[in-house]
Amino acid sequence: MPKSNCSDCTCRLANEVGQLKAIVNAQSKTLAKLVRQMREGCKKDEEPKECTLCGLNPCLKCLQPDILYHLGLDTETTDFPKVFGDVRFVCMGGTPGRMENFAYYVMQEIGLKINAATKLRDMAEAGKRFSLFKVGPVLCASHGMGCPSISILLHELIKMMYHAKCKDPVFIRIGTCGGIGVDPGTVVISSEAVDGRLNPAHEILVHGISVQHASQLDEGLADEIKMCHDPDKDNFETVIGRTLCAHDFYEGQSRLDGAFCEYTLENKQTYLEQLQSQQVKNIEMESLAFAALTSRANIRGAVVCVAILNRLNGDQIKTPHEILAKWEKRPQELVARYIRKTLYFNENDSLSEEPEDETDKRASQGAAGDTQKAPAEEAE
Ligand code: R2B
Ligand code: URA
């Protein structure tokens, strides 16, 4: 009905205008703070910066240079504190293309701009393994498939955070998964990662001996991301649950459609139903290494995946690519909202607060008067 459409539309517009205003206000406040700090002699910048990561290899400081081989970066030719010191969010996903798209999307969502004629540079191009894009405080990396691949990336990204002296970086994996008893298109945020025996630990062999690292994820972070889901606006569900991490897509996930299969449909149904009864909501392939390595370093981590099928109903992914592409954006949307909220809606900053003096007012008017001229940083 035209009347209700119109009021829906007005409501949505008012909502969007409100959100934009809040971003512009927050950016003005940040600018005003910077101006104030400059006037006061950059006191903040003089504070020595310490890295907040824990439990890292004590030999890292002796590596001069440290070569992050798979990223094609090293501490001799790149000034890590200068280039990466402002990183606050490290987002990772399976493919280079998805992470490049996410970088552009997040850039728009947090109000940063680059010259229309330039492209974001893949900073890991020289390594020829992963891709890496930086948009202000957000780093976006591709991790490939499986724990061995994401584990290599995480070792090198954690070392990067250490060398760059980053403070409290948050790591988030965004990706796809098979759902267990959830509708396809549902976003699952992991409460913890478990292996095929439902053991919450990532096992690695060191010197041929099994070592297990706990695979807990940050429950507070999972809740914060879940809160970015808007049931009125998002036409998909978001749930929190346990995630089973398999080391293979076929037999490791009890599929019947692999090149080999030595079990029956019944065996599979029994296993998947057992998972469901143990609150497992999804299966994917990286969360164990992700959870173990981030928590060892005292990094808050979250895994946010969209289910592209319900494994209780089958194995093959029959959904058309256009729909899968739309679903794949859902974790990105939630995470971009979380980043925006964390950057601009900080609990210490009251958005409605007026700038404190004339200099602040000028800064605020310049930004608020014309959103195109908002004090947006240049993305590297
Ligand atoms: C989800 O999808 C990929 C397999 O298709 C794998 O990387 C994962 O975790
Ligand atoms: N990724 C997985 O690892 N499993 C699925 O079933 C779908 C995506």
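Me: Leaving aside neighbours within four places in sequence, which residues is His202 in contact with?

Reply: This is a predicted model, and the answer should be read as a description of that model. His202 belongs to strand β8, which covers residues 201-206. Leaving aside the neighbours within four places in sequence, the residues in contact with His202 are Cys147, Val211, Gln212, His213, Ser215, Leu288, Ala289 and Ala292.

Me: Is His202 buried or exposed?

Reply: The cut-off needed here is that a residue counts as buried under 20% relative accessible area and as exposed over 50%. The relative accessible area of His202 is 8%, and His202 is therefore buried.

Me: In which sense do β8 and β9 pair, and over how many bridges?

Reply: Strand β9 takes in residues 209-214, and one of the bridges joins Ala201 to its partner Ala214 in β9. The two strands form a hairpin with two residues between them. The pairing of β8 with β9 is antiparallel, over six bridges.

Me: What is the phi of His207, and is this residue buried or exposed?

Reply: His207 is placed in the loop between β8 and β9, in the turn of the hairpin that these strands form. Its phi is near 55°, which is a positive value in a residue other than glycine. With a relative accessible area of 77%, His207 is classed as exposed.

Me: Where else is there a positive phi in a residue other than glycine, and what is its value?

Reply: The loop between α5 (147-164) and β6 is the place of Asp168, a residue whose relative accessible area of 56% makes it exposed. A positive phi is found in this residue, which is not a glycine: for Asp168, the value is near 40°.

Me: How many of the eight residues of strand β10 are buried?

Reply: Strand β10 runs over residues 238-245 and is described as mostly covered. It pairs with β7 in the parallel sense over six bridges, and it also pairs with strand β11, residues 280-284, in the parallel sense over four bridges. Of the eight residues of β10, the number that are buried is six.

Me: Which residue of β11 is the bridge partner of Thr243?

Reply: Thr243 is in β10, where it is the bridge partner of Ala193. The pairing of β10 with β11 is parallel and extends over four bridges. In β11, the residue that partners Thr243 is Asn282.

Me: What is the separation of the C-alpha atoms of Ile180 and Gln276?

Reply: Ile180 lies in the loop between β6 (170-179) and β7 (187-194), and with a relative accessible area of 1% it is buried. Leaving aside neighbours within four places in sequence, its contacts include Leu272, Leu275, Gln276, Asn282 and Leu312. Although Ile180 and Gln276 are 96 residues apart along the chain, their C-alpha atoms are separated by 6.2 Å.

Me: How are α4 and α9 oriented to each other?

Reply: Two packed helices are described by the angle between their axes and by the distance between those axes. For helix α4 (residues 96-109) and helix α9 (residues 321-344), the axes come within 10 Å and cross at roughly 40°. The crossing is right-handed, and the two helices α4 and α9 are therefore oblique.

Me: By class, which residues make up the contact of α4 with α9?

Reply: From α4 the contact is made by Arg98, Phe102, Tyr105, Val106 and Glu109, and from α9 by Glu328, Lys329, Gln332, Glu333, Val335, Ala336, Ile339 and Arg340. By class, the contact of α4 with α9 has six nonpolar, one polar and six charged residues.

Me: Which residues does Tyr250 touch, not counting those up to four places away in sequence?

Reply: Tyr250 is found in the loop between β10 and α7 (265-277), and at 37% relative accessibility it counts as partly exposed. Its C-alpha atom is separated by 8.6 Å from that of Cys261, 11 residues apart along the chain. Not counting residues up to four places away in sequence, Tyr250 touches Arg255, Asp257, Gly258 and Tyr263.

Me: Which two residues does a cis peptide bond join?

Reply: The loop between α2 (43-46) and β1 (67-68) contains Pro65. The omega of the cis peptide bond is about 5°, and the residues it joins are Gln64 and Pro65.

Notes. Residues are numbered from 1 along each chain as its sequence is written. Chains are lettered from A and ligands numbered from 1 in the order in which they are written. This is a predicted model: local features need pLDDT of at least 70, side-chain atom pairs count only at pLDDT 80 or more; totals for chains, interfaces and linings use all residues. Side-chain values use heavy atoms; hydrogens and water are left out. Buried means under 20% relative accessible area, exposed over 50%, partly exposed in between (1.4 Å probe, protein chains only). Contact means heavy atoms within 4.5 Å. Axes are lines fitted to C-alpha atoms, for helices over the stretch in contact, and angles run from 0 to 180 degrees between N-to-C directions. Angles under 35 degrees count as roughly parallel, over 145 as roughly antiparallel, 65 to 115 as roughly perpendicular and the rest as oblique. A crossing is left-handed if the near helix is turned anticlockwise from the far one by less than a right angle, and right-handed if clockwise. Ala, Val, Leu, Ile, Met, Phe, Trp, Tyr, Cys and Pro count as nonpolar, Asp, Glu, Lys and Arg as charged, and the others, Gly among them, as polar. Two strands pair if DSSP finds at least two bridges between them.
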